[in-house]
Amino acid sequence: MTTRKQRITGNWKMNLALDEALELARGIRNRVRAHVDSDVAVCPPYPYLEPIAQLLKDSPVQVGAQDMDAFASGARTGAVSGPMLRSVGCSFTLVGHSERRAIFGDTNEIVSAKLRAALEHDLDVTLCVGESLEQREAGTTFDVVLEQVESALSTIQAGQMNRIVVAYEPVWAIGTGHTATPAQAQEVHARIRSHIGHLYDADIANSLNIQYGGSVKPDNAATLKSQPDVDGALVGGASLDPESFIQIIRT
Ligand code: PEP
């Protein structure tokens with residue numbers, strides 16, 4: 001039986017001025033120093049990645065991007081590539097966040113290309129998946145989520161799976177205060193894990209870290225994290241306050 005380490009990632013989204021972002025990173029660094037039982041990571045906005053990676057260089061806190069482009073370079077105004085992210089100190093990137101899918105049009109094919117490119121450029125990946133409220137109410141949650149997982153991983157070999165984390169984030173729970181119940185989260189996480197076992201093998205499935213995301217707060221983190229297939233959290237709003245982020249890590 002594999003023991004998976006909990007992983008807590010803060011997604012700062014498009015928030016904070018530079019001085020506020022540095023202050024938050026310092027606050028997390030100072031509090032995390034004494035507590036390294038979990039993997040801890042933050043995803044600041046692009047312009048702050050380099051100074052924050054510098055600030056967190058000697059701490060256990062990893063720095064990642066919220067998204068990246070599938071191409072390494074070229075005429076793609078506004079885009080940021082994997083090699084750029086590596087060069088400023090990122091060790092990983094999110095791909096497929098539901099806000100990228102809904103607002104910026106990232107299809108399953110685009111997410112798959114970004115994931116492949118991230119690994120090619122030596123970045124670990126947190127693959128975000130999740131169903132909308134309509135899809136849940138229509139009873140298609142498993143179909144939607146497993147299709148997102150399978151499509152994103154379609155070109156990924158077994159040997160690359162140790163660089164992937166999956167974040168299950170029901171869209172209806174993100175930023176709404178409507179957290180999935182621990183049972184709802186567990187049910188989907190277990191299905192994702194068994195599907196990974198089917199696509200690869202049982203060892204890879206058992207080793208895969210599957211985070212839950214969607215209105216995780218200090219007061220609901222413990223019951224979510226105690227589910228057998230929930231291996232941590234991807235945290236949006238509550239990661240903007242060092243005290244609540246650290247409480248989520250410590251629960
Ligand atoms: C997220 O953006 O990934 C997220 C889970 O946000 P929140 O915690 O605010 O719901």
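This is a predicted model: local features need pLDDT of at least 70, side-chain atom pairs count only at pLDDT 80 or more; totals for chains, interfaces and linings use all residues.

Modeller: Residues are numbered from 1 along each chain as its sequence is written, and side-chain values use heavy atoms, with hydrogens and water left out. A pocket is, on a 1 Å grid over the protein atoms alone, an open set of points where a 1.4 Å probe fits, with protein on both sides within 12 Å along at least five of seven lines, and its lining residues have an atom within 4 Å of a point. The largest pocket holds about 600 Å³ of space, a volume being the space filled by probe spheres set on grid points joined across faces, edges and corners. Its lining has 25 residues, of which Tyr46, Gln66, Asp67, Arg100 and Phe104 are the closest to the centre. Two or more lining residues come from each of α4 (98–104) and α5 (108–120), helices being DSSP runs of H or I with at least four residues and strands runs of E with at least two, numbered from the N terminus; α4 gives the most, with 4 residues.

The second largest pocket holds about 390 Å³, and among its 22 lining residues Asn162, Ile164, Val165, Ser207 and Asn209 are the closest to its centre. At least two lining residues each are supplied by β5 (124–129), β6 (164–168) and α9 (202–207), with β5 contributing the largest share, 3 residues.
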